[in-house]
Structures are given as structure tokens and as C-alpha cells.
Amino acid sequence: MNDDKRALRKHVREMKRQFAQQEMEAMSQPIMQALLADKAVAEARTILMYYSLPDEVDTHDAVNELVRRGKTVLLPRVIDGENMEIRLYEKPEDLQEGSYGIMEPTGKPFTDYAVIDVAVVPGMAFDESGRRLGRGKGYYDRFLPKAVNACKIGVCFGFQKLEAVPADGNDVRMDRII
């Protein structure tokens, strides 16, 4: 299983390298438009987003748009090799470079996980049944069960949506993929 996951991550990384940064940003726009138009997102009051890395669907403008729409926006912050904490995001100045070169929030910690309406989750690959392959550290798989009421939405480029993704008992399924 781990060898399957490792090989699939490698394959997706190779596919990502075929695109220039500007192409990935352009491909991100319709994905983020669909996310912002999603009914669960429109109705949500509290949304867990992620602040994208250069090789992920670009969420930067969407994060700020959600704040403009009056949503409570939360971003993850890696705190150690196994865990992430959730912090409030209000403006770009709330970010600083953290673990793995990820821009992370400096806002106050957020622990009322039951009020998270939507969790927008990155991944290396997804499949039709909502299975997700992450980067291999398990941060989201450990955190998402705590967000008991959240609609889990995976976002990815078209080439990252596959027929089947290997999964085990620890992997949290998404409710839908955009």
C-alpha cells in the first residue's frame, strides 16, 4: 500500500512539472470560481481553507475573497512532525513562512472545531469516491475527524483526479471534489 502511494505521489509530481507556474495559476481560476460558487461554501459561516504552495491549486485570492464575504476563515499551521493547529486568518499580513516553506497564519488559535462548516483540503490525488492521497505526513487525516460537522471538499487540477486512489483505514474521505 505505501509503495503504491509513494509511486502515485511521484507520478503526480512529474505531471505537475509539465506546467509552468502561470499555467497552474490560470488552471486554478475556474476551480476556485467553482469553489466560491459551491452551495456549502456560500452558506458556510466558518471555513477551513489552506494557503497554497506553488504546485497546488492557487487559493490565495479565494482566501481573501472569503474574508471579504464576511466568512470566518481558518488556516492550518504545522506545529510538529504530526500535528497542525488551526488559526484565524483576517488579512495577508497575518501570514509568515512556516514549516515546509508554507505561508502560515499568525492569528489567534481556533479550537471550536465543531463550528467549521466547510473544510477545503489539498491533495496529491483524489478519486470519484472521495478518497484522497495527501503528501504523506497525515496532517489532514489526523485533523479532519475533529471537524465533525464540516463538509470536506477536496480541490485539485483535472490531472490529479484519478479513477482510483489507494487508501487505508486512516484516510479521511472527501464529501466532494472540485
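**Exercise 1.** Which loop holds Asp-94? Classify the residue as buried or exposed, and list its contacts.

*Solution.* This is a predicted model.
- Step 1: Asp-94 sits in the loop between strand 3 and strand 4 (95-97).
- Step 2: Check accessibility. The relative accessibility of Asp-94 is 9%. The cut-off for buried is under 20%. Asp-94 therefore counts as buried.
- Step 3: Find the neighbours. Leaving out residues up to four places away in sequence, Asp-94 touches Tyr-89, Glu-104, Pro-105, Thr-106 and Gly-107.

**Exercise 2.** Work out the strand order of the open sheet, then find what packs on the sheet.

*Solution.* 
- Step 1: Read the order. The open sheet has 7 strands, ordered 6-3-2-1-7-10-12, with mixed pairing.
- Step 2: Strand 6 (109-110) and strand 12 (176-177) each pair on one side only.
- Step 3: Look at one pair. Strand 1 (residues 46-48) and strand 7 (residues 118-121) run parallel, joined by 2 bridges. Leu-48 has Ala-119 of strand 7 as its bridge partner.

**Exercise 3.** Describe the surroundings of Leu-133.

*Solution.* 
- Step 1: Locate the residue. Leu-133 belongs to strand 9 (residues 132-133).
- Step 2: Judge burial. Leu-133 counts as buried because its relative accessibility is 1%.
- Step 3: List contacts. Beyond four places in sequence, Leu-133 touches Lys-5, Leu-8, Arg-9, Gly-123, Met-124, Ala-125 and Val-165.
- Step 4: Take a distance. Pro-30 and Leu-133 are 103 residues apart in sequence and 22 Å apart in space, C-alpha to C-alpha.

Key: Residues numbered from 1 in each chain as written. Predicted model: local features only at pLDDT ≥ 70, side-chain atom pairs only at ≥ 80, totals over all residues. Heavy atoms only, no water. Pairing = 2+ DSSP bridges. Helix = DSSP H or I, 4+ residues; strand = E, 2+ residues; numbered from the N terminus. Contact = heavy atoms within 4.5 Å. Axes fitted to C-alpha atoms, helices over the stretch in contact; angles between N-to-C directions. Buried < 20%, exposed > 50% of the residue type's maximum accessible area, 1.4 Å probe, protein only.
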